[in-house]
Amino acid sequence: MRFSIASLILLVAVPVAVSACEGDCIVEITNAFVTNYTNPVDLVMESVAKQISNMLPEHPGLATTMDLLRPVTDAYKSDAYNGMETAIFPSYFHGKCQRDGVDPPGCPNPDCPVVCGTPGSLVHFYGKLRYIAYNQTRQLLDTLTTPGSSIYGELERKVLDAANAHAKTRRMIRIYQRASPYGTVPLFLTKRNEDLKNQLRQIVDGIGPMLLEVCGGLDDGETNGLPDCSWEGAMKDYILSFP
Ligand SMILES: *[C@@H]1O[C@H](CO)[C@@H](O)[C@H](O)[C@H]1NC(C)=O
Ligand SMILES: *[C@@H]1O[C@H](CO)[C@@H](O)[C@H](O)[C@H]1NC(C)=O
């Protein structure tokens, strides 16, 4: 069978009519997920702040403990966008669903062998997209609070400073100094700091599970999981507003 130039152009042109999600589409959809995750992440951080307050002398208010969490919350804010864009787009939804510049057979419909980054495909695989956004958010919070990381070190230092700068602690130190032989105070402080570090670690280890709970549970990547971090109707409408 022979093709005229015109029919050849038509054959090539039809699939191209389905636009890949590129440029603004990538930026705005990534922003939509990052923005929608602001509330769940805030809820988790507020819970962490309250637990930290419980371990500190005289239990400072939310504003004070949220301030101790600034190393983590600031880093989250600055890293969330890039991490989310990479997790959604090149990692799973591949712009034009081409291999070596050629559409595989059957592409770019949503079920083609490469998952396309078209708006239709994002909607078609919404369960996967929802899971990617959740997993990325959880992984980022985990990474930022990994023991030994610089961000976690900063958090730990701020919490210990807050605990030790407190008048009650200073009073205890004076009591130890009066009542005990030299050497007991450093021992008391070391033991106390170890206890505080362990308590902080336990609280921070709860971040991932807390995010899962805030999102309504079921993070097996299947449909209907994470019902409170899904925003399915609004998101699908939004995604499909891109050409
Ligand atoms: C989630 O994002 C979509 C798209 O931007 C928006 O329409 C919706 O209101 C957002 N929902 C929440 C709860 O932030
Ligand atoms: C979850 O996110 C991490 C970090 O981005 C990634 O390495 C991992 O493959 C993701 N897991 C799934 C099941 O997508």
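Let me begin with tyrosine 37, which is buried in this predicted model, its relative accessible area being 0%, where buried means under 20%, exposed over 50% and partly exposed in between, with a 1.4 Å probe and protein chains only. As this is a predicted model, local features need pLDDT of at least 70 and side-chain atom pairs count only at pLDDT 80 or more, while totals for chains, interfaces and linings use all residues. Residues are numbered from 1 along each chain as its sequence is written, and side-chain values use heavy atoms, with hydrogens and water left out.

Now to the aromatic rings. Across the whole structure, a search finds five aromatic pairs, counted when ring centres of Phe, Tyr or Trp (its six-membered ring) lie within 6.5 Å, with planes under 30 degrees apart called stacked, over 60 edge-to-face and the rest tilted. One of them joins tyrosine 37 to tryptophan 231 in an edge-to-face arrangement, at 5.2 Å centre to centre and 85 degrees between the planes. Because tyrosine 37 sits in the loop between α2 (24-36) and α3 (38-55), and tryptophan 231 in the loop between α11 (207-214) and α12 (232-240), this pair ties together parts 194 residues apart in sequence; helices here are DSSP runs (H or I, at least four residues), numbered from the N terminus. Tryptophan 231 itself is partly exposed, at 22% relative accessible area.

Tyrosine 92 and phenylalanine 93 form an edge-to-face pair, with 4.9 Å between centres and 80 degrees between planes. Here tyrosine 92 is partly exposed at 24%, whereas phenylalanine 93 is buried at 0% relative accessibility.

Lastly, arginine 178 belongs to helix α9 (residues 167-179), and its relative accessibility of 66% makes it exposed.

Terms used:
Chains are lettered from A and ligands numbered from 1 in the order in which they are written. Helices (H or I, at least four residues) and strands (E, at least two) are DSSP runs, numbered from the N terminus.
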